[in-house]
Amino acid sequence: MADCYKSILIVEDDELFREAMQDTLKEKYTLQMAESAEEALTVLSKNSYDLVIVDINLPGKNGIELLADIKTRCSMLPVIMITAYDSIPQVVDSIKKGAFDYLVKPINAQELLLSLERALESYELQIELEHRRKLQSFSDKSIIIIGSSQDTKKLKSEAARVAKTDATILLEGETGTGKELIAQLIHADSPRSQRPCVVLNCGAIPENLVESEIFGHVKGAFTGAFQDSMGKFELAHRGTLILDEIGELPMEAQVKLLRILEEEEFYRVGGSRLVKVDVRVIASTNGNLKELAEEGKFRQDLLFRLNVYRIVISPLRHRQEDIIELAEFFIEKFARKSRRDVPTLTSAAQELLLNHKWRGNVRELRNVVERVVLFSKEKTIEKEHLGFIESTAPSRFSAEAVQLPSSGIDLEEVEKSLLLQALKLAKYNKSKAAKLLHLTPPTFYYRLEKYDLK
C-alpha cells in the first residue's frame, strides 16, 4: 500500500513550523492540521488517522494531556511528540503515557521521516497481530475427511486437486454435509495455508450490515460506526475467504461482490480510498443457485464467476459405507474429551445407525454420538442407547424385503454375495463383517472357508 494512503494528523500551534512540516511530508503522506488539543480531539472524532504528531507546548490543554486522551480512544494509534525543549521529565512522562517517539526542534527531515516509518510499521504490525488473533487459523490443525465410500474418495481427490490452484470454488451440499470443513481443508492444503482463513456466514448477518461485514466501513459511515473497521475481504488478504450460504446474500451486495471478484478492489462503506486485495474465495450453498438465478433471486453473472470449479458433497444417506466409520470416529473423539474408555457399537446399534435417514447429515450423526457418549457410561453402545432416534428405513436384507422368484434362486450364490458385500462394507474387517450379518465370528469364518473366500 502506497505511503500517500497513510494519513497523519499534525497538532501544532506554530504556523511556520506547520508549514515546514507540510513541505517535508506532503509528498509521502496525506496530512491534516490542527492548532490545539481541543481542535485535534474534534478532528479525531470525525476522521481516522494512521499517526498523530503532537507538539507538547500547546495553548490550553498541553500535548501530554492530549496524548493521554488519544491513547484512551485508540491505544494502538502511534503518537510522536515534539518540543522546543529537551526535558528529561517530559520525555519520561510521554513514553509512560504511550508516545512512540520524542523529537526535539529543530527537527532533521531524515530523522522525522525515519521515525514516521518505524511508527507506521509498528502500527501495521500491531493491527495485523490483533486481526490474526480474531481469525481462524487452520495451518496447525489436522483436518481430515472421514469415510471410504466412493463419493468420499472422489471428494478427497477433488479437494486435493483444486487446493493447489487459486481458482474460485463453489461447494454445494445439504446442510450438515461438511461444506465448511471441505473449504478449510482446501485452504490448509493450498499455498495460502500460512495466511488467514476467514469465514463469513452470509445468512447470519442483518441485511443492513452485510456490506459493512464484507467491505468494512470508515468512521462515521453510519450510526454506530465509531471507528474504521476492516471487512472480511481485507482480513482475508492473501488468504482465503469462505462465503457460507452465499445464496442468502442480498442482491445489492451481490453486485459489489462480483466487482471485487473481477477487479480485486473495492471501497469501504462510506470510504473514498480504493482498497486492493488478493483473496481466494470459496463459496458454499445448501440450495440450488441455478434455480435461484432463474427465479431472479441470484445474479446469473455472479453464479458464472463463482462456478469456476464446482464440488458437490453427497448427503450422508448416499454414503452409507461412511456411517459406521464416522460414528466410531466421533465416539473416540468425545470419549477422549470426556476422559473415559472408548465404548464400542453393538451390531444392533450399528444397524439402527445404518437404517436412519440422517436428514441432518454428518452434523446430526455427530450430535447423536456426542449425546450417547455423554450420558452412557457403558463399555458398549447398545441399540437402546439410541432410542431417541428412529429407524426410518427398512433393513436392506430384511425377510420382508426379499421376494423369492417363481423360478427359484441359488441360495449358495445369494449367501456368497452377502458375505462379499459385508466384507466390502466393513473394509475387510472380518469381525465387523460378521456383525453386519448377525453371525458369530467362528460361523462367519466357517462360511468364508466354505466358499473359498479367504
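Residues are called buried when their relative accessible area is under 20%, exposed when it is over 50%, and partly exposed in between (1.4 Å probe, protein chains only). Helices (H or I, at least four residues) and strands (E, at least two) are DSSP runs, numbered from the N terminus. The structure described here is a predicted model, in which local features need pLDDT of at least 70 and side-chain atom pairs count only at pLDDT 80 or more, while totals for chains, interfaces and linings use all residues. Residues are numbered from 1 along each chain as its sequence is written, and side-chain values use heavy atoms, with hydrogens and water left out.

Strands are taken to pair if DSSP finds at least two bridges between them. E10 runs parallel to strand E7 (residues 197-201), to which 5 bridges join it, and Val-198 stands opposite Leu-241. Strand E13 (residues 280-285) also runs parallel to E10, with 4 bridges between them; here Thr-240 has Arg-280 as its bridge partner.

Salt bridges come next. Side chains of opposite charge can pair when their charged atoms come close. A salt bridge is counted when a side-chain nitrogen of Lys or Arg is within 4 Å of a carboxyl oxygen of Asp or Glu, and the structure holds 26 of them. One of these joins Arg-317 to Glu-174, at 2.5 Å from N to O. Arg-317 is partly exposed at 38% relative accessibility, and Glu-174 is partly exposed at 27%.

Arg-268 and Glu-234 form another salt bridge, with their closest N and O atoms 2.8 Å apart. Since Arg-268 lies in the loop between strand E11 (265-267) and strand E12 (274-276) and Glu-234 in helix H9 (residues 232-235), the pair ties together parts that are 34 residues apart in sequence. Both partners are buried: Arg-268 has a relative accessibility of 11% and Glu-234 a relative accessible area of 12%. A network of salt bridges links Glu-12, Asp-55 and Lys-105.

The surface also carries patches, made of residues with over 30% relative accessible area and no salt bridge; like charges are joined within 9 Å, and nonpolar side chains (Val, Leu, Ile, Met, Phe, Trp, Tyr) within 5 Å. Lys and Arg count as positive and Asp and Glu as negative, with His and the chain ends not counted. A charge is placed at NZ of Lys, CZ of Arg, CG of Asp or CD of Glu. Asp-13, Asp-14, Glu-15 and Glu-19 gather in a negative patch. Within this group, Asp-14 lies in the loop between strand E1 (7-11) and helix H1 (15-25) and is partly exposed at 34% relative accessibility.

A nonpolar patch consists of Leu-404, Ile-409, Leu-411 and Val-414, which together have about 410 Å² of accessible area, as given by the Shrake-Rupley method with a 1.4 Å probe; for residues, only the protein chains shown count as cover. Val-414 is found in helix H16 (residues 411-425).
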